[in-house]
Amino acid sequence: MNRAIALRDCAARVALAAALAWPAVAQAAGITLPPGPGANLVYARCQTCHDLQYVVDAKGLLPAQWKSTLAGMKDYGLTISADDEAAILAYLTTYLGPNPPPATALAPAGPGAQAPGAAANGRHVFEENCSACHGPEGAGQAGIYPALAGNADLAKDAGLPARVVLFGLAGPIEAGGASYSGTMPSFGHLGDAEIAAVVNYVRSAWGNAGGAGSIDAKAVAALRAHPLSSADVHAYRAALVSAN
Ligand code: HEC
Ligand code: HEC
């Protein structure tokens, strides 16, 4: 087992850190999965405790081995619906299994697939990618995942949540009166339209004020063209918060 993989600050890490003395290692650069139905669920559900290095390193497992790996993750604290588990298992066995992934990997499939340019549904993108950590109603988990519902930072500038989603966020923050020092992984694998839709959704859902203006796919593409590290996004956020 490669102990250099960073386990995130979560209950499993806290519990295991004492027992295993995990080194505090900077988050590995964003890891990209082969695109295919279910990949978004893996990005969303499998990075709450560790980055995706474990997952890509396990490429080649037989279906029964992936199944028992998932059972092991549930023992560590992964909570997942039967539908999501089935979709993740199908993805892992197809794209990270013993056989080469199908050549049709890029063909749109599954209810979440978007034709390029199609209007993305922000609520759907949120539920599939964000709710595992921030909660289905955006309430977060105090001290671990900041609440997005009632979060005043979101109203300040659509460019903040857009950068957080594109590039991730790392470094200590204060939000809603609680302190956080976790790492949010990048969701840059999502399309520009999906990112615009989810940013507009979290800024206006749950009674959030929205702030001036919404963001569109073109503006997200312009931000994407100037890549930032998750620490740069932290600095951008700090400047924005202190200026307001
Ligand atoms: C609740 C925390 C948690 C979540 C969520 C989680 N894992 Fe893990 N995972 C762990 C821990 C802890 C280890 C380290 C186990 C060890 O080193 O013995 C691990 C290790 C692994 C490994 C290395 C091999 C092994 O079995 O130890 C793989 C592969 C893996 N995880 C896959 C996944 C996948 C796929 C998902 C998403 C469905 C996922 N994990 C979600 C906690 C989690
Ligand atoms: C794996 C867990 C996880 C997932 C999934 C996740 N986030 Fe986060 N998010 C975090 C953590 C942890 C932080 C705080 C990071 C820190 O402490 O610097 C955060 C911070 C944020 C912030 C900054 C809040 C503030 O007060 O400035 C926004 C905005 C955000 N997330 C939006 C999203 C959106 C939108 C998605 C889905 C596309 C998403 N997150 C998915 C864990 C996650």
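Around ligand 1 there are 20 residues, counting a residue when its C-beta atom, placed from the backbone, lies within 6 Å of the ligand. Cys 46, Cys 49, Tyr 54, Ala 58 and Gly 77 are the closest. Helix 1 (11-20), helix 3 (53-57) and helix 4 (63-76) each give two or more residues to this shell; helices here are DSSP runs of H or I, at least four residues long, numbered from the N terminus. Helix 4 has the largest share, 5 residues.

By class, the shell has 14 nonpolar, 5 polar and 1 charged residues. Nonpolar means Ala, Val, Leu, Ile, Met, Phe, Trp, Tyr, Cys and Pro, charged means Asp, Glu, Lys and Arg, and the others, Gly among them, are polar.

A word on the source. This is a predicted model, where local features need pLDDT of at least 70 and side-chain atom pairs count only at pLDDT 80 or more, while totals for chains, interfaces and linings use all residues. Residues are numbered from 1 along each chain as its sequence is written, with chains lettered from A and ligands numbered from 1 in the order written.

Next, the core. The largest nonpolar core has 42 residues: buried Ala, Val, Leu, Ile, Met, Phe, Trp, Tyr and Cys joined through C-beta atoms within 7 Å, buried meaning 20 or more other C-beta atoms within 10 Å of the residue's own, again placed from the backbone. Ala 162, Val 165, Ile 195, Val 198 and Val 199 touch the most other members. Six helices, helix 2 (39-45), helix 5 (82-95), helix 6, helix 7 (131-134), helix 9 (159-167) and helix 10, each supply at least two residues. Helix 10 gives the most, 8 residues.

Technical notes: Buried ≥ 20, exposed ≤ 12 C-beta atoms within 10 Å, placed from the backbone.
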